[in-house]
Amino acid sequence: MAGQQHKSEFANPVVNWIDTRLPIFTMMQKEYGTFPTPRNFNYFWNFGALAMVTMLIMIATGIFLAMNYQPNAALAFDSVQRIMRDVNYGWLIRYIHQNGASMFFIVTYIHIFRGMYYGSYKSPRELLWMIGVAILLIMMATAFMGYVLPWGQMSYWGATVITNLFSAFPIVGKPIVTFLWGGFSVDNPTLNRFFSLHYLLPFVLVGVVFLHVAALHVVGSNNPLGIDVKTPQDTVPFHPYYTVKDSVGLCVFFLVFALLVFFSPNYLGDANNFIPANPLQTPEDIVPEWYFLPYYAILRSVPNKLLGVCLMFGSILVLFVLPWLDTSKVRSARFRPIFRQLIWVWVVAVIVLGVCGANKPEGIWVVLSRVCTLYYFLHFLVILPILGKLERPLPLPESISRPVIGGGGPMPSGAAAKPMEKA
Amino acid sequence: MADPSTAAVAHHGHPDVTKRDFLKLVTGSAAAIGVGAVAWAFIDYMEPSKDVLALSSVELDLVPITAGQGVTVLWQGKPIFVRHRTPQEIKEAEDVPLSQLSDPQADSARVKAGHTQWIVLIGICTHLGCIPLGNKPTDPRGEWGGWFCPCHGSQYDTSGRVRRGPAPLNLALPPYAFDSDTKIKIG
């Protein structure tokens, strides 16, 4: 690029001066202004933007909470109560942060489901998908450590149980747990490091989200039909079409968020966390936050400690290889009559697992969580690889724009046999 | 950015105003109000909290402080000088012509009527915020027998008024009241 100066096309002289030397305005215009985006998005495509907004809200509220929070086992619980009672609008900022975690997982889970339903993980978007799974893992670690900080009973015993998961591994298990705790039980050193990491990880998350978005802007968005963009007619510029569509979704999202924060801020919380941490007494039943319940049910469904832990971690790690487990060339479930039904069976299994996780592991709940755990893995490891070979997909439309603007008429019937071309 | 709709035909005799302009204005305003409302909560969050405000007054028993003695108490994180002045110190403070002062103020305006032996000051030099010496009888009190700031040599008289720079103003007075003849409440 030596000697070749970037020619900016912005009319505003200040913007032009900056843009000539550092073309950030050109970049924004290219990536978020004129960025060609498939014209047929439905509202499922809102949830990436919603997750991004939630992440920023969590970082903003978290930074402010840290101004008044004391990461010390003797002071932590009272400092949170002080935020709730004495600090101006502390209740608001904390309730936004507390319920924001739930909102973050709701929109992220829907975002992931969108990817699974419309086959967004398939070539050429495998890496994009894998970065997304990494984001989920970082989110989970961050949420777990954040939940420990108020230092209530559920914080303390949640931390104890989750860190003890690592004791399942033979030989190295116990030393790992001591290392995680920085002592011989969950105590002040544990709280200090969890606070430090809870502050750090969101910024790591921002970095990985940047990679996620960068990867997306290289390969382009998938769409509800799951077919590739072929002509400029198949796309519309991101602005104003999808900035506006995202804004509509954002309004609904804020409505739900506000209902939660202002009318039932503790609906998703646990009453035990209003009791200060007591290392001498475990609450009657330990239940994780709702977004961890399915994994918790998988953990408890297996009578063997090590196997349970492996299955729990495996339930997320299996997502990394999903692009290769699903052998079908057709992306969107719309054109996969059998997959379209089985994906919902999988969703039901996950929800039932969540309900199982919220109940005591006895009677029917043990049976149900075992059946659903089995189905969860069956779906990924057996059904998806085989179904891709057996299923006969419906005919794919010729292009994204054709059913919308192009001449009408019936879809070509011969398209069924035509395999998806690689982008 | 070529906007296809701005070229649309305008109505009602406003050739340059389109429906799109109106929608942009309304959307922008709604967003600005929302962001502003939330921003207010975040700004107010950093103001003193209720527990800090609750600790904003202290009471002091004056009985143990004999004439010529001073004590320093902490109020809102600041040192408060409470000094029991001798009759001579009171007379010196009252007799100074206001023309000699760089920040003219009568002694009567700096003490409570009927309690002229008590002077209550915020013990922070008005120059750059050091704590002047002189509240203890063993401290240097400067030429005017009041307070002496070790940082840059400002001197205050027995009424806490600045007599030699670089401090620009007299020592400030905290809000306080006599609950009884021997007890004050600061703040």
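## Pairing of strands 2 and 3 in chain B

Two strands count as paired if DSSP finds at least two bridges between them. In this predicted model, strand 2 of chain B and strand 3 (residues 78–84) of chain B meet that condition with six bridges, in the antiparallel sense. One position in this pairing is B:Thr72, which stands opposite B:Phe81 in strand 3 of chain B.

The two strands belong to an open sheet of three strands in chain B, with the order 2-3-4 and antiparallel pairing. Strand 2 (70–75) and strand 4 (118–122) of chain B each have a single partner strand and stand at the edges, so one side of each has no neighbour in the sheet. From one strand to the next, the twist of this sheet averages 20 degrees.

## The 5-6-7 sheet of chain B

Another open sheet of chain B has three strands in the order 5-6-7, and its pairing is antiparallel. The edges are taken by strand 5 (145–148) and strand 7 (162–164) of chain B; each has a single partner strand, so one side of each is left without a neighbour in the sheet. Neighbouring strands here are turned against each other by 40 degrees on average, with direction ignored.

Within this sheet, strand 6 (residues 155–157) of chain B pairs with strand 7 of chain B over two bridges, in the antiparallel sense. B:Gln155 has B:Arg164 in strand 7 of chain B opposite to it.

B:Ala177 has B:Lys185, in strand 9 of chain B, as its bridge partner.

## Helices 5 and 6 of chain A

In chain A, helix 5 of chain A packs against helix 6 (residues 126–148) of chain A at an angle of about 160 degrees, and their axes are 12 Å apart. Angles over 145 degrees count as roughly antiparallel, and helix 5 of chain A and helix 6 of chain A are therefore roughly antiparallel to each other. The crossing of helix 5 of chain A past helix 6 of chain A is left-handed.

From helix 5 of chain A, the contact has A:Ala101, A:Phe104, A:Thr108 and A:Gly115; from helix 6 of chain A, it has A:Trp129, A:Leu136, A:Met139, A:Ala143 and A:Gly146. By class, the residues of this contact are six nonpolar and three polar, with no charged residues.

## Helices 11 and 12 of chain A

The axes of helix 11 (residues 293–301) of chain A and helix 12 (residues 305–317) of chain A come within 7 Å, crossing at roughly 150 degrees. Helix 11 of chain A and helix 12 of chain A are therefore roughly antiparallel to each other. Helix 11 of chain A makes a right-handed crossing with helix 12 of chain A.

On one side of the contact are A:Tyr295, A:Ile298, A:Leu299 and A:Arg300 of helix 11 of chain A; on the other are A:Gly308, A:Val309, A:Leu311, A:Met312 and A:Ser315 of helix 12 of chain A. These residues divide into six nonpolar, two polar and one charged.

## Contact between the chains

How many residues does each chain give to the contact? Chain A gives ten residues and chain B gives nine residues. On the side of chain A, the largest share is three residues and comes from helix 5 (residues 90–117) of chain A. By class, the side of chain A that touches chain B has five nonpolar, three polar and two charged residues.

## Two positions in chain A

Is A:Ile162 buried or exposed? A:Ile162 lies in helix 7 (residues 153–164) of chain A and has 20 C-beta neighbours inside 10 Å, so this residue counts as buried. Its C-alpha atom is separated by 9.9 Å from that of A:Tyr296, 134 residues apart along the chain.

A:Ser196 is placed in helix 9 (residues 188–219) of chain A. This residue has 12 C-beta neighbours inside 10 Å and therefore counts as exposed. A:Ser196 and A:Phe313 are 117 residues apart along the chain, and their C-alpha atoms are separated by 24 Å.

How values were computed. Residues numbered from 1 in each chain as written. Chains lettered and ligands numbered in written order. Predicted model: local features only at pLDDT ≥ 70, side-chain atom pairs only at ≥ 80, totals over all residues. Helix = DSSP H or I, 4+ residues; strand = E, 2+ residues; numbered from the N terminus. Axes fitted to C-alpha atoms, helices over the stretch in contact; angles between N-to-C directions. Parallel < 35°, antiparallel > 145°, perpendicular 65-115°, else oblique. Left-handed = near helix turned anticlockwise from the far one by under 90°. Contact = placed C-beta atoms within 7 Å. Nonpolar A, V, L, I, M, F, W, Y, C, P; charged D, E, K, R; others polar.
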